[in-house]
Amino acid sequence: MVITRRDEVDLCDFDPGYEVMIRASSSLRTMVQIWRGDLSWGTALKDDSLALEGSCQARTALPHWLRLSPFAEAPRQSRMVDAR
């Protein structure tokens, strides 16, 4: 992923040759849960489902660079439990 401007991100399927500022390692499931707002960045880091390698400044900035889904803040219904 290359962030070219504040509002422009380009996902690459090849190495474009830029210096890597930060590397995020996690499962696809974890990244989707973070994007949807089901899992916070902090919780993912604490439970080791997400690992970040890079400067402290880059690790702090990453959640601001990768915006969450517009629906991440939407209230959710609690799961219904079948009492049968």
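**Labels and the values behind them**

Mentor: Start with Arg36, which counts as partly exposed because its relative accessibility is 41%. Arg36 sits in helix H1. Keep in mind that this is a predicted model.

Trainee: Why is Arg36 called partly exposed?
Mentor: Buried needs under 20%, exposed needs over 50%, and partly exposed lies in between. Arg36 is at 41%, so the label is partly exposed.

Trainee: What does Arg36 touch, leaving aside neighbours within four places in sequence?
Mentor: Its contacts are Ser69, Phe71, Ala72 and Arg76. Another pair to look at is Arg36 and Ala74: 38 residues apart in sequence, 9.6 Å apart from C-alpha to C-alpha.

Trainee: What makes the pair Asp38 and Arg36 a salt bridge?
Mentor: The cut-off is 4 Å between a side-chain nitrogen of Lys or Arg and a carboxyl oxygen of Asp or Glu. In this pair the closest N and O atoms are 2.7 Å apart. That value is within the cut-off, so the pair qualifies. The search of the whole structure finds 1 salt bridge.

Trainee: Is Asp38 buried, exposed or partly exposed?
Mentor: Partly exposed, because its relative accessible area is 40%.

Trainee: How do you know that Ser69 is buried?
Mentor: Its relative accessibility is 8%. The limit for buried is under 20%. So Ser69 counts as buried. Ser69 lies in the segment after H3. Beyond four places in sequence, Ser69 is in contact with Trp35 and Arg36.

Trainee: Which label does Thr30 get, buried or exposed?
Mentor: Buried, because its relative accessibility is 6%. Thr30 is in helix H1, residues 28–36. Not counting residues up to four places away, Thr30 touches Leu39, Ala44 and Ser49.

Trainee: Why is Leu39 called buried?
Mentor: Its relative accessible area is 15%. That is under 20%, so the label holds. Leu39 is found in the loop between H1 and H2.

Trainee: Which residues are in contact with Leu39, leaving aside neighbours within four places?
Mentor: Thr30, Gln33, Ile34, Ala44 and Ser49. Leu39 and Ala72 are 33 residues apart in sequence, with C-alpha atoms 9.8 Å apart.

Trainee: What makes a set of residues a nonpolar core?
Mentor: The members must be buried, come from a list of residue types that includes Ala, Leu, Ile and Trp, and be joined through side-chain atoms within 4.5 Å. The largest such core has 9 residues: Ile22, Ile34, Leu39, Trp41, Ala44, Leu50, Leu52, Ala58 and Leu62. H2, E4 and H3 are the elements that give two or more residues to this core.

Trainee: Which residues of H3 are buried?
Mentor: Ala58, Ala61 and Leu62, in a helix that spans residues 56–65. Down the axis of H3, the buried residues fall within an arc of 125°, so they line one face of the helix. They pack against strand E3 (22–26), helix H2 (41–46) and strand E4 (50–54).

Trainee: What does the face of H3 turned away from the buried side carry?
Mentor: The exposed residues Cys56, Thr60 and His64.

Trainee: What makes the phi of Asp48 worth a remark?
Mentor: It is near 60°, a positive value in a residue other than glycine. Most residues other than glycine have a negative phi. Asp48 lies in the loop between H2 and E4. Its relative accessible area is 67%, so Asp48 is exposed.

Trainee: What is the order of elements from the N terminus on?
Mentor: β-β-β-α-α-β-α. Buried residues make up 17% of the 84 residues.

Trainee: What share of contacts with a separation of 6 or more joins residues 24 or more positions apart?
Mentor: 56%. As for surface, the protein exposes about 7400 Å², with carbon and sulfur atoms supplying 53% of it.

Trainee: Where is confidence lowest, and where is it highest?
Mentor: Lowest in strand E1, residues 2–5, at a mean of 65. Highest in H2, at 95. The mean pLDDT of the protein is 82, and 77% of its residues reach 70 or more.

Terms used. Residues numbered from 1 in each chain as written. Predicted model: local features only at pLDDT ≥ 70, side-chain atom pairs only at ≥ 80, totals over all residues. Heavy atoms only, no water. Helix = DSSP H or I, 4+ residues; strand = E, 2+ residues; numbered from the N terminus. Buried < 20%, exposed > 50% of the residue type's maximum accessible area, 1.4 Å probe, protein only. Contact = heavy atoms within 4.5 Å. Areas by Shrake-Rupley, 256 points an atom, 1.4 Å probe, with all protein chains shown as cover. Arc of directions from axis to C-beta. pLDDT = per-residue confidence, 0-100.
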